[in-house]
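Welcome to a short tour, to be followed with your viewer open. Please load the model, switch to a cartoon view and keep the selection tool at hand.

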Amino acid sequence: MSTVAWITARGLFGRRRVLLLLPLPILLIGLALLCRAYDVNPAEWGTPVLVGLGLAVVLPVITLIVGTGVLGSEVDDGTIVHILTKPLPRRDIILAKLGVAIGVSAVTSAVPLFVAGMLADSARLGLGLAVAAVVGACAYSAFFLLLSLLTRRPVLLGLVYILVWEGLLGRFVSGTRVLSIEQYVITIADKIAPTAILDAKVSVPVSIVMAALFIVGCAVYAIDRLRSFSMAGETS
């Protein structure tokens, strides 16, 4: 499994898509620094920057890029065949790739969120945002990895989920929030560091249980889906 993880990480960082991971975190920290430098009241910029940009855009988009990249490109170009010919359990392949996706996504999103949280309020808020980002990275990664096995347009469907389901419906239709990873992340961060900047709309128990269901459910389904792939790289 460690070999698969190493090959996945090397392939991910060897592609141009890794360059797409840098602009959003830099923008997040840059905006927070700019607001802090001009002594703008955190109550005015905290929510749009930390939640509107950090949790609603930086975290899911970074995880979408990484989560669909660790396996989706191999399915598209047919190199998945080389992995399938190895005497490795499908479970080990999925878990290794999911681990890489979670690790890269968590670090790339949690670090800038921690810095921005410190600039906005305190180290406690930064820690809350970082912990919530790690949980979100786990759930998003499992979901987007599964999408890369279900469709040839995982990025498009992932964007629909982020922009339409979470960004539009999640804000205006209360019933959709129970299936919104963004809402789980906000709730967890608010639980660790209660603040007016964060407006939790889902309870803590629901957030924890649903996040766990996303992670475990999507991972199990992805393993089962990979088992259905034939040596030709298509589902049997």
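Helices here are DSSP runs of H or I at least four residues in length, numbered from the N terminus. Keep in mind throughout that this is a predicted model.

**The whole chain**

Start with everything selected. The protein chain has 10 helices and 0 strands, and reading along the sequence gives the pattern α-α-α-α-α-α-α-α-α-α. Of its 236 residues, 50% are buried. If you draw the contacts between residues at least 6 apart in sequence, 74% of them join residues at least 24 apart.

Now select Y140 and F144 and show their side chains. Both belong to helix α7 (residues 123–150), and because they are 4 residues apart there, about one helical turn separates them. How buried are they? Y140 is buried, at a relative accessible area of 0%, and F144 is likewise buried, at 0%.

Y140, F143, F144, Y161, Y184 and F214 are linked into a cluster by ring pairs. Counting rings whose centres lie within 6.5 Å as a pair, there are 5 aromatic pairs. Return to Y140 and F144 among these: the ring centres are 5.6 Å apart and the planes meet at 10 degrees, so this pair is stacked; the cut-off for stacking is under 30 degrees.

**Stop two: where α6 meets α10**

Which hand does the crossing of α6 and α10 have? It is right-handed.

For the residues in this contact, show R90, R91, I93, I94 and L98 on the α6 side, which meet A219, A222, I223, L226 and R227 on the α10 side. Coloured by class, the contact of α6 with α10 shows 7 nonpolar and 3 charged residues, with no polar ones.

Finally, centre the view on L53, which sits in helix α3 (residues 42–69). L53 counts as buried because its relative accessibility is 11%, and the cut-off is under 20%. Leaving aside neighbours within four places in sequence, select L27, L28, L31, P48 and V58 to see what L53 is in contact with. Then try a distance label to P25: L53 and P25 are 28 residues apart in sequence, and their C-alpha atoms are 9.6 Å apart in space.

Conventions: Residues are numbered from 1 along each chain as its sequence is written. This is a predicted model: local features need pLDDT of at least 70, side-chain atom pairs count only at pLDDT 80 or more; totals for chains, interfaces and linings use all residues. Side-chain values use heavy atoms; hydrogens and water are left out. Rings of Phe, Tyr and Trp (its six-membered ring) pair if their centres lie within 6.5 Å; planes under 30 degrees apart count as stacked, over 60 as edge-to-face and the rest as tilted. Helices (H or I, at least four residues) and strands (E, at least two) are DSSP runs, numbered from the N terminus. Buried means under 20% relative accessible area, exposed over 50%, partly exposed in between (1.4 Å probe, protein chains only). A crossing is left-handed if the near helix is turned anticlockwise from the far one by less than a right angle, and right-handed if clockwise. Contact means heavy atoms within 4.5 Å. Ala, Val, Leu, Ile, Met, Phe, Trp, Tyr, Cys and Pro count as nonpolar, Asp, Glu, Lys and Arg as charged, and the others, Gly among them, as polar.
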